[in-house]
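The stops below can be selected one after another.

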Amino acid sequence: MWTDVVYVTLLLFCVFVGFYYRKIEDPEVKKWTGTLIGILLTGVVSGSYILFPLVFSLINAIIITNISPKKSHIVSFIFSFFFLLVISRLGDYIGLPVPSTHTNLILMILTLKLSGLAFELNAAINPPADDPEGVDNEAIKNVGFLDVFHYGFGYMGLLTGPYYRYRTYWDHLYKPFSKVVDPWPVTLYKLKQTTFFVVLFFIMNYYYPVRYILTEEYAERSFLYRHFYMYPTFVLFRVRMYIGMGLAECGCQMAGLGAYPTRCKPIQGLGPKDYKTTETLAKTPEKLENEELDFETVYNMNVWKLEKCNSTRTAMKTWNNCVQYWFGVYIYKRLPMKNMRALLTLLLSAVWHGWSAGYAVCFCQIPLFLLSEDIFYKFYQQAAENSIARKLWYLLGWYEKTTCMAYLGISFLVLDFKETLAYYKLVYFSGHIIALTLYIAALYCKLYIFKPTGDKDKDK
């Protein structure tokens, strides 16, 4: 608990240092200030383990600046994940120290950022003809050795994300948006929201601690108690994530990072989809006062959309958005085996989190719940707006999404395979049975309820 308090304190420091950081006019001074703060934070949470992120960044900088962009993305990707998965996590097998948990979090985000930079450079070799998203942009024309370090160790999002592209980092230094936007109102709102989550976290942690499911007292409880205990436990996990990610987003906002005109259609991770308009607006900073700006680029999690949605797919896309973007663009879309893309992407995401079996058990069982959900969601879409049927299909979808995340989330929390299996035995694999039962029911209902699109159009 004490380490969590220190971690939250450092995240709050990142938020309030932005008051001063954002006002720095000189891009070079700003760049070095952000990097020095980032190195200081890394030293505080890592101690002597700071050598791991330093060496990691040093070798990536050599790869990115000395190997052709045609190959550097592959080399950087292989090295980054080898360093993260083998050297930093399995180093004790060869006599190396294993970094602390918070150092591991820094290495996780550096893995995405620095290999992602190599992917950005590779994509700029053959950009689309019209290039609306600005794949070939000024930011990546002359990426130098120190630029890689500045991008990696910039304090914004260093401790726990969000992931953002090198172009986003460059834009906050050299484009006028960060100087025009006022991030305090939206940051204040998010800080109030985070305060509520902190209070809720302490309450839930007192009444529903995660490790209780491994005790003999829990095993002696009734089946219904054991089954339904997963729901408040997952509430505890969610609010913990909301606190960390919310404060990380606030840190980026206060630094002015990720601020773009709304009409440029910024999305999480990528930045503006209409980058040409972004470049045009940047040339007339005096007119930006009439523009609406937002921080959609660095919004890692839409809390209320996640809570209200009635689809696991939507929840997955809403959860950790910026990281989802990285895995979607640089892994899923680039894998040649289309029928294996989803499984391989989920597996890589699982090991990126850690070697514990619980991660793989959690991620790789998600498709079991999607079997019925995809059918039920079609029923929901075809039901008349505001009808009772539509509301019932919504509630069923919400229940299945919540059950999927809570049930599989237990393995994500306890991590150990034997403990996960012991938990599933205690609840008689009820989540699996629910998923299969719903799938059978969905197949049966499909025979009588589902209308092909063509028939629906005819009825209209």
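**Selections by residue range**

Start by selecting residues 392–415: over this stretch the chain is 96% helix and 0% strand, and its end C-alpha atoms lie 35 Å apart. Helices here are DSSP runs of H or I with at least four residues, strands are runs of E with at least two, and both are numbered from the N terminus. The model is predicted: local features need pLDDT of at least 70, side-chain atom pairs count only at pLDDT 80 or more, and totals for chains, interfaces and linings use all residues. Residues are numbered from 1 along each chain as its sequence is written, and side-chain values use heavy atoms, with hydrogens and water left out.

Next select 73–91, which is 79% helix and 0% strand, with end C-alpha atoms 25 Å apart. An unreviewed UniProt entry annotates both ranges as "transmembrane region", and among the others it lists are 6–22 and 427–450. UniProt positions follow the numbering used here, feature names are shortened, and annotations may be inferred rather than shown by experiment.

**Backbone exceptions**

Most residues other than glycine have a negative phi, and most peptide bonds are trans.

Go to the loop between α6 (145–153) and α7 (166–174), where P162 sits. The peptide bond joining G161 and P162 is cis, with omega about 5°.

Then move to the loop between α21 (417–426) and α22 (430–448), which holds Y428. F429 is in the loop between α21 and α22.

Finally, colour by accessibility. F429, at 32%, counts as partly exposed, the class between exposed and buried (under 20%).

Methods:
Buried means under 20% relative accessible area, exposed over 50%, partly exposed in between (1.4 Å probe, protein chains only).
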